[in-house]
Structure formats: C-alpha cells, structure tokens
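Dear colleague,

Please find below the structure I wished to pass on to you. My notes on it follow directly after.

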Amino acid sequence: MSVQSLTLPRYELLEPGFQLPRRAFQVQRKDLVRYGGAARDYNPIHWDDRTATEFGLPGPIAQGMLTMGLALGYLVEWAGDPGAVVDFGGRFPRLVPVPNDGVGVELSLEATVAEKLEPPRVRVNLAVRLDGAKVLVMPRVIVVLR
Amino acid sequence: MALNLSCVGKLYPPSEPYEVSREKIKEFAQALRDGHAAYLDPEAARALGYPDVIAPPSFPMVVTLDAEYRAVLDPELGADGQDRFVHREQRFAYERPIHAGDVITVTVRLAAVERLTRGDVVSYESRVTGRGGDHICTGRSIFVVFEEGS
C-alpha cells in the first residue's frame, strides 16, 4: 500500500454520523467569470450587474454548480479519487450574490457520513452555508471508498 | 403564458458530439480549485485504473447546460422569459467517469413542467453517452424560468 492510501477513509472504520472536517471557500467575482468560462455558462446573471439588478438582486450570483463543484472537490480530496463520487444531487435553496469588491463571500461546508451502503459505498450528507443560511443541500452523495 | 403540457416527455435531438480534451479537463478542474492528480497527470489517472485523465464529477455541465438551454428555448414549450432562468436543482448519476478522449453526446428529455405564480419550473433528464453510445451518466436538472418583468 502506498503511504497516501493509509490516510484515506476506510469503509470498515467509518460509522454513520462521522463528520468530515469543516471547510471554508472564498468566492470572488473573478471566480464566477472563470468558472462560467470553463463550464460554458455565459448567463449574464453570473457576471453582469445590470442583469442582476433587473432580477432584483444586489449583484451577480454564483453559479450553483460552482458551489456544488467546490463541495464535490472536497469529497474527491477526502475519498482520494475523483471517480469515487458516483451519484450526487443537490438543490440551491438560496442565491449567492457575490460583490465585486475583491473580497467576495465565504462559503462554509459541512459533510457527514449519513449511512453505510453496500460495501464500499457510503452516503454523505453535505450542506454549504453563507452567513449561516443554507445555499446548497446535498442529502445524498454516494461515495465509493477504496 | 401557460406552458404546453403536451411537451412533457419530449425528446430533443442529440447534441453535437463533444470531444473531451486533457486541456479542457484541466481548465475545468482549475476553475474549481480542485488539484487532484487524476485530472492533470495521465500516469496518476492510470494508477487509479482509468485510461487517461478523468474529469471532475460536475464536468458534464460543460455539455448538458447548453443542450438543456436549447430545450428551454423550444417555442413549442412556450416558457416565459426564456433568457431569465436560474438553476434550482442538479443531479448526476454515473456509470463511469468521463476521461480525456471521450466523445460525448447529450440527449435531453423534458421530464416535467410546473407553473409558479412568477414563472415556470422545468425539469430535464439528460443522458450522456460516449462514442458508440455507451452510457456514461444521466443528469437531472431543474430550472426556474422567470416571467418577463417579474
């Protein structure tokens, strides 16, 4: 076994209720533009102040899938394999306006092993919050552990 | 304006094939600040059992969003304010990861519609297949399309 594999989560050692360490992500306007380009998401609500104002928003909002992608990246890091995240669904209960002030917003992620499924699969329950309010809820992320 | 409920179940023509490159995977992963070696280094990906670098789990958005946007624009559906929509839910269920060299195609089906007071909710099921039609993953996307002037 490699040294790295010793630090990876092991199915047999995990119990429901296990909490992954919390993680914070800073998201700035430039991150929205960069993600939009990479994902081919050119919706102006993610970069144009005028469009956002027309929607009654304080400013452009983060792509939901940027938030989800950051969250999934955390689980990839935990599981040690991007192919381990085999099934995931989430909803976006709140929009995330991101001011163009060079600081942006801080999102905080919490994830818990909710259930052990057929080995070596686990169901993870994940949520991302902005100022305490949930902006992404993913109650069912299936991760295949090694 | 009422949505045309008879569109529910409508299958849209497959998208143009999209060839997944190592560079696009790298660009996408970097936009998510995800530095896993399996996105960047073919050797690291092979060590995990993959034929080439693989894509982050949310990568199918690169092709599904555009395909679904075309479906939102379907005049037969009659969704209000078609350029004013936000994403409410997203799911992907995988058969296997996407890897560099895959040529992927999306086939979108309108799964459900719902009328709200200020707009419409549309749900799509997007089947992503590789060269030869092998099933890679299925996406389920829900958007809220807001009325003009709302």
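This is a predicted model: local features need pLDDT of at least 70, side-chain atom pairs count only at pLDDT 80 or more; totals for chains, interfaces and linings use all residues.

Residues are numbered from 1 along each chain as its sequence is written, chains are lettered from A and ligands numbered from 1 in the order in which they are written, and side-chain values use heavy atoms, with hydrogens and water left out.

**Interface of chains A and B**

Chain B places 35 residues in contact with 38 residues of chain A (contact means heavy atoms within 4.5 Å). About 3100 Å² is buried between the two chains, and carbon and sulfur atoms give 57% of that area; buried area is the accessible area (1.4 Å probe) that two parts lose on being put together, summed over both. On the side of chain B, the most area is lost by L32(B), R33(B) and P57(B), together 18% of what that side buries.

R33(B) also forms a salt bridge with D31(A), with the closest N and O atoms 3.1 Å apart.

The elements of chain B that give two or more residues to the side touching chain A are α1 (22–31), α2 (37–40), α4 (61–72) and β2 (85–94). Helices (H or I, at least four residues) and strands (E, at least two) are DSSP runs, numbered from the N terminus. The largest share, ten residues, comes from β2(B). By class, this side of chain B has 21 nonpolar, six polar and eight charged residues, where Ala, Val, Leu, Ile, Met, Phe, Trp, Tyr, Cys and Pro count as nonpolar, Asp, Glu, Lys and Arg as charged, and the others, Gly among them, as polar.

**Strand pairing**

β2(B) is joined to strand β2 (residues 85–91) of chain A by five bridges, and the two run antiparallel; strands pair if DSSP finds at least two bridges between them. In this pairing F88(A) stands opposite F92(B).

β2(A) is also joined, by five bridges and antiparallel, to strand β5 (residues 133–144) of chain A, where D87(A) stands opposite I142(A). β5(A) pairs in turn with β4 (residues 121–130) of chain A, in the antiparallel sense over nine bridges. R121(A) stands opposite V144(A). β4(A) and β5(A) form a hairpin with two residues between them, and D131(A) in the turn has a positive phi of about 50°.

Yours sincerely

Key:
A salt bridge is a side-chain nitrogen of Lys or Arg within 4 Å of a carboxyl oxygen of Asp or Glu.
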